[in-house]
Amino acid sequence: AAAAAADSSAPSAAPMNGAPAFDGEEENAKKTHVVFVHLDLGIGGAEQLVVNLALASLAGDEGGDDDDDGADERRSAAESNGRGGEGEVEVEADGEEIGREGAEPPPLDARVSIYTTHRSPTHCFDAVKPPRGALSSSVRIRGSSLPVTIFGVGTAFCSMIRTMYLCHRAAVENPRADLFVVDVLPAGVPALVGRWGARAVLFYCHFPDKLLTRDTVNGVAAANSNDGGGGGTGGGAAGVARKILSLPRRTYRLAMDSIEERCMRYSDLVAVNSNFTRGEVLRCFPSLLESPRGTSAGAPAAGRSADEYLTVLYPPIDLRDFIEPNFEEKETRAKAGELGPIVSLNRFERKKNVSVLLRAYARLIHGEESYGEKGEDDDDADDRPSRMPPLIIAGGYDPRNPENVEHLSELRTLAADLGISARASFRPNVSDAERARLLRSALCVAYTPHREHFGIVPLEAMYAGSPVVAVKSGGPMETVVDGVTGLLVDREDDGDGEGGGGKGEGGEGDGGMDCSEREERGFAEALRTLAANP
C-alpha cells in the first residue's frame with residue numbers, strides 16, 4: 001500500500017507546527033509520509049508492532065531528532081544491508097506475499113507521524129519515550145480528554161469514538177499523507193477514505209474486536225460468563241430472566257460488530273498477524289472479501305485478489321534491542337547448578353491466563369500431594385524447592401486500567417495462597433533493557449494465553465536463546481517448533497480447539513479464569529523437563 005501511494009506525483013504536505021524539523025523542505029516534500037493511528041501507546045504487542053513498523057518506515061531517518069544516540073547505529077544498519085535497517089527486513093520478507101514476486105519493495109525512507117490519545121512518559125516503549133526516543137518527536141497526542149468509559153461501561157463505544165476522532169485529526173493535519181496505518185478498530189477508516197480522500201489506508205487487525213468482549217477469552221466463552229446461559233445456572237426462570245436483562249447489551253454488541261465489519265471493508269489492504277487470526281477474521285466477517293472499500297468498489301483494491309487483500313503480515317521485532325544468546329554461559333551456569341529464572345512476560349490481564357503458571361509452579365515446589373494426588377516424583381519432593389529456579393512474572397501494567405490493578409492483586413493473592421510468594425516475584429513495567437536481560441537469562445519463557453492472536457514474546461525469547469513453553473493453540477503454533485525451540489502444552493480440548501477448556505480449578509483466586517488441570521500438569525511437566533535438562 002505504501003509503495004502504491006508513493007507512486008503518486010503530488011508532493012506531501014509540509015509538516016504542521018510542532019512537527020519535527022527536517023534537513024530541507026524540498027527533500028522533506030519528496031519523502032513518503034506515513035501516519036500511524038493507535039489509541040494508546042502503552043506497553044503491549046499491538047503497541048510494539050506500531051513502534052517497530054514506524055521505525056522500519058524511517059529507514060535510517062530519525063524523525064528530526066538527529067542527535068539521538070541510536071541514529072548513527074540505525075543509519076549504519078540501513079547502509080550495510082542496503083534496504084533500510086534490520087527492522088524493515090522482516091516486513092519486506094513478509095510483504096512478498098502481497099505481490100511482486102522476485103522483487104522486494106524499495107525502502108520507504110519515510111516521514112512518520114503517530115497519532116494517539118495517550119502516551120505515558122514512563123509506561124511506553126523507549127522508541128516513543130520523551131525526550132530522546134527515536135520516535136518521540138513524531139508522536140501527536142490528540143483527544144486525551146475523551147472518556148475511556150461511560151460510568152464504567154461502553155468501552156467499545158468510547159474506543160470507537162476516540163478512534164474516529166484520532167483519524168479525523170490525523171487527516172485534517174496531514175491532508176497529503178501518502179499512507180494511513182490504522183490498527184485495533186477500523187471505525188475511522190470510512191471517513192479517511194470518503195470524507196478526506198486518503199491516498200491509501202492499511203488496516204492492521206490484531207484480532208476481531210467482536211471476539212474480545214468481557215465474557216470471552218479471545219473468542220471463547222469464559223468460565224464466568226453469564227450471557228446467554230453460557231455459564232452458571234443457565235436453565236429455568238433465572239436463565240430466561242438473565243437473557244431478557246442481557247438483551248440491551250447483546251443489541252449493543254450486535255451494532256458494534258456490524259460497524260466493525262463494514263468499516264474494515266473501506267481499507268485498501270487488511271493485514272492480520274497470523275494465519276490463526278486470518279481464519280477468525282474470515283469466520284467473523286464473511287462479507288469482508290465480497291466488496292472491499294465499502295460500496296465504492298466491488299473488487300479488492302489495487303487489482304489484488306481476495307486472498308491478497310486479506311494478507312498475513314507477521315509482526316516484526318526490533319533485533320537491535322536484543323542481545324545475542326550466549327549458550328556457552330548458560331551451559332556453564334547450568335553445570336554449576338545455577339539455573340536462570342522461569343519468566344512470564346504479559347500484560348496483567350486475566351485473558352493472559354498467568355494463574356495457570358502459578359499453579360503449575362506450585363505443583364513443582366510442593367509436589368502433587370498438595371493437590372490431593374500422589375505424583376510420580378514425590379520421593380524427592382523435599383528436593384524440588386532447591387532445584388527449581390525462581391519465577392518472575394513481568395509485563396505491562398497501567399495503573400489507569402482497573403483490570404491491571406485488580407489482576408496484579410489477584411495474582412499476588414494466589415501466589416500467597418499457593419505458598420510460593422517467597423519464590424515468585426512480580427515486576428510490572430520492566431524497562432526494555434531489563435526485558436532483554438530476562439529473555440536472555442531465562443531457563444525458559446512461559447507463555448500462557450489460550451488462542452493468542454500471534455504472540456510476539458515467543459519470538460523475542462527464541463531469538464534471545466531461551467526455549468518457550470506455550471499453550472498449543474493460536475499463534476504460537478505458527479512460531480514455536482515443538483520439541484526444538486520450545487514445548488507446546490495441550491489443554492483439555494485437542495489441538496487448536498474452539499472450546500474454553502475443561503472444568504476450572506482456579507476459583508476466586510485466579511480472577512475467574514478457567515485453568516484446566518491438564519493444562520496445569522502440562523506446564524508443570526514442561527518446566528520439570530527443562531529444569532532437569534537446561
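The model is predicted, so local features need pLDDT of at least 70 and side-chain atom pairs count only at pLDDT 80 or more, while totals for chains, interfaces and linings use all residues. Residues are numbered from 1 along each chain as its sequence is written, and side-chain values use heavy atoms, with hydrogens and water left out. Helices (H or I, at least four residues) and strands (E, at least two) are DSSP runs numbered from the N terminus.

**Aromatic pairs**

- Rings of Phe, Tyr and Trp (its six-membered ring) pair if their centres lie within 6.5 Å, and planes under 30 degrees apart count as stacked, over 60 as edge-to-face and the rest as tilted; by this rule the count comes to 3 aromatic pairs.
- One of them joins Phe207 and Phe276, which are stacked with 6.0 Å from centre to centre and 20° between the planes. Because Phe207 lies in the loop between β5 (201–205) and β6 (216–217) and Phe276 in helix α10 (residues 275–284), this pair ties together parts that are 69 residues apart in sequence.
- Phe207 counts as buried at 2% relative accessibility, and Phe276 is likewise buried at 8%, where buried means under 20% relative accessible area, exposed over 50% and partly exposed in between (1.4 Å probe, protein chains only).
- The rings of Tyr314 and Phe454 have centres 5.5 Å apart and planes at 40°, so this pair is tilted. Tyr314 lies in the loop between β9 (310–312) and α12 (327–335), and Phe454 in the loop between β13 (444–447) and α17 (456–463), so the pair ties together parts that are 140 residues apart in sequence.
- Tyr314 is partly exposed, with a relative accessible area of 21%, whereas Phe454 counts as buried at 3% relative accessibility.

**Charged side chains**

- Arg195 lies over the face of Trp196, at 4.2 Å from the ring centre; a charge sits over a ring if NZ of Lys or CZ of Arg is within 6 Å of the ring centre and within 35 degrees of the ring normal.
- Glu349, in the loop between β10 (342–345) and α13 (355–366), counts as buried at 12% relative accessibility. Leaving aside residues up to four places away in sequence, Glu349 touches Glu403, Asn404 and His407, contact meaning heavy atoms within 4.5 Å.

**Backbone geometry**

- Most residues other than glycine have a negative phi, and most peptide bonds are trans.
- A cis peptide bond, with omega about 5°, joins Pro130 and Pro131, and Pro131 is found in the loop between β2 (111–116) and β3 (139–141).
- Asn429 has a positive phi near 55° and lies in the loop between β12 (424–428) and α16 (432–441), where Asn429 is partly exposed at a relative accessible area of 29%.
- Arg451 also has a positive phi, of about 55°, although it is not a glycine; Arg451 is placed in the loop between β13 and α17 and is buried, with a relative accessible area of 0%.

**Helix packing**

- α13 and helix α15 (residues 402–417) pack at an angle of about 15° with their axes 10 Å apart, the axes being lines fitted to C-alpha atoms, for helices over the stretch in contact, and angles running from 0 to 180 degrees between N-to-C directions.
- The two helices, α13 and α15, are therefore roughly parallel to each other, since angles under 35 degrees count as roughly parallel, over 145 as roughly antiparallel, 65 to 115 as roughly perpendicular and the rest as oblique.
- In this packing, Ser355, Leu358 and Arg359 of α13 meet Leu411, Leu414 and Ala415 of α15.
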